[in-house]
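Hello,

Here is the structure we spoke about. Please have it open while you read the notes that follow.

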Amino acid sequence: MDAQHRRLASLDILRGFDLFLLVFLQPVACAVLWQIDAPATRAILFQLDHEAWAGFRAWDLVMPLFLFISGTSIPFSFGKMLANGGKAVVYRKVAKRFAVLFLLGMVVQGNLLGLDPHNIYIYTNTLQAIAAGYLITAMIVLNFKVKGQIIAAALLLAGYTVPMMLLGDYTPEGNFALRLDALVLGRFQGDPSYSWILSSLTFGVTVLLGAFAGQIIKKHGKANPEKAARLLFAIGMALVAAGLLWSLEMPIIKRIWTGSMTLFSGGLCFLLMWLFYWWIDVKGHSRGLNWLKIYGMNSIAAYMIGEVVNFRSAVQSVSYGLAPLMGNFFEAWLTFGNFAIVFALLQAMYRCGVFLKV
């Protein structure tokens, strides 16, 4: 595989897998399983929701993976831009992407479309976390080599950890990160159980970890892809172990994106990247997986359409006759129909070569 001149198939498919979970599998599965009261379905539903505070569930990996993947593409995209226009071009691209992602985040969860200033939230969405992490990572990657990037990641973790240790604890009521958000954002703060400002430092580490993965693949992918895969696996295992060890002192808490959560989830992302890269790009097995590119190559469009546009009324208008036959499962049918329409739109965009780039 010529990683420098061809799209990394595993990256598009892994990104698509993440978006498929977000804008199809999880909402549809939850809608169905909520109607079935059984120990097995309750166990699945538990994993398809976020941990209330300390701990980690399967669903807690979706957002870190989104951030991680945004970083993995940086070495490839920056390499092309630097070759064609230099750093000035890259800086303009980074500034534009940061602004657009931040604005789209306000559209999704900041109530921007409500046009009511009393209900507008400034910093409260995954796209904004990506924007912050992307900006931090871009500045580091553009100005430091790998050794400097590793030092920068350590400093970002320290910048998060020191005030958390000195100015509070890791309880919902006593942690510094949530207090800082409340102080700075005031009434423009969204969900008060999630932190964003201080956590921007650890968002940056998550995206930077993705950039490390991308640099490994770019460096070794052409000459020795097996070595790239081994490095991805080894680093992933090391990060998982480091995160678990650190969690003995700093709990794994996604809501405030603790350092231990950053390393633990980053390690899991490395392992997923290793699995997809090894299976698809190294071994050449993509059969049955390429449809995920429909989500992966239009990830922003998938996220925005899935989160903002509601097609349930359209599904209901053409299938309301099924309601008496389906009973409580009619709501699950509406959810399925909604996200099936999202997929159909993305599929049409894919076939027409229309991709939303930010």
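Where in the chain is N111 found? N111 sits in the loop between α5 (87–109) and α6 (126–143). Keep in mind that this is a predicted model.

The backbone at N111 deserves a look. Most residues other than glycine have a negative phi. N111 is not a glycine, yet its phi is positive, at about 60 degrees. L115 is also not a glycine and has a positive phi, of about 55 degrees. L115 lies in the loop between α5 and α6 as well. As for the surface, N111 is partly exposed, with a relative accessible area of 34%, while L115 counts as exposed at 73%.

Next, the aromatic rings. How many aromatic pairs does the structure hold? The number is 21. One of them joins F56 and F264: the ring centres are 5.1 Å apart and the planes stand at 85 degrees, an edge-to-face arrangement. F56 lies in the loop between α2 (39–47) and α3 (62–72), and F264 lies in helix α11 (residues 259–282), so this pair ties together parts that are 208 residues apart in sequence. Are these two residues buried or exposed? F264 is buried, with a relative accessible area of 13%, whereas F56 is partly exposed at 23%.

W278 and W279 make another pair. Their ring centres are 6.0 Å apart and their planes meet at 40 degrees, so the pair counts as tilted. Both residues are partly exposed, W278 with a relative accessible area of 27% and W279 with 39%.

Ring pairs can also join up into a group. F20, F24, W291, Y295, W333, F336 and F343 are linked into a cluster in this way.

Two arginines lie over the faces of aromatic rings. R57 is placed over F46, at 3.6 Å from the ring centre. R97 is placed over Y134, at 4.5 Å from the ring centre.

Last, the surface. Which residues form a nonpolar patch there? They are V162, M165, L166 and L167, and together they have about 410 Å² of accessible area. V162 belongs to helix α7 (residues 146–166). With a relative accessible area of 43%, V162 is partly exposed. Patches take residues with over 30% relative accessible area, so V162 at 43% passes that cut-off.

Regards

Technical notes. Residues are numbered from 1 along each chain as its sequence is written. This is a predicted model: local features need pLDDT of at least 70, side-chain atom pairs count only at pLDDT 80 or more; totals for chains, interfaces and linings use all residues. Side-chain values use heavy atoms; hydrogens and water are left out. Patches are made of residues with over 30% relative accessible area and no salt bridge: like charges are joined within 9 Å, nonpolar side chains (Val, Leu, Ile, Met, Phe, Trp, Tyr) within 5 Å. Accessible areas come from the Shrake-Rupley method with a 1.4 Å probe; for residues, only the protein chains shown count as cover. A salt bridge is a side-chain nitrogen of Lys or Arg within 4 Å of a carboxyl oxygen of Asp or Glu. Helices (H or I, at least four residues) and strands (E, at least two) are DSSP runs, numbered from the N terminus. Buried means under 20% relative accessible area, exposed over 50%, partly exposed in between (1.4 Å probe, protein chains only). Rings of Phe, Tyr and Trp (its six-membered ring) pair if their centres lie within 6.5 Å; planes under 30 degrees apart count as stacked, over 60 as edge-to-face and the rest as tilted. A charge sits over a ring if NZ of Lys or CZ of Arg is within 6 Å of the ring centre and within 35 degrees of the ring normal.
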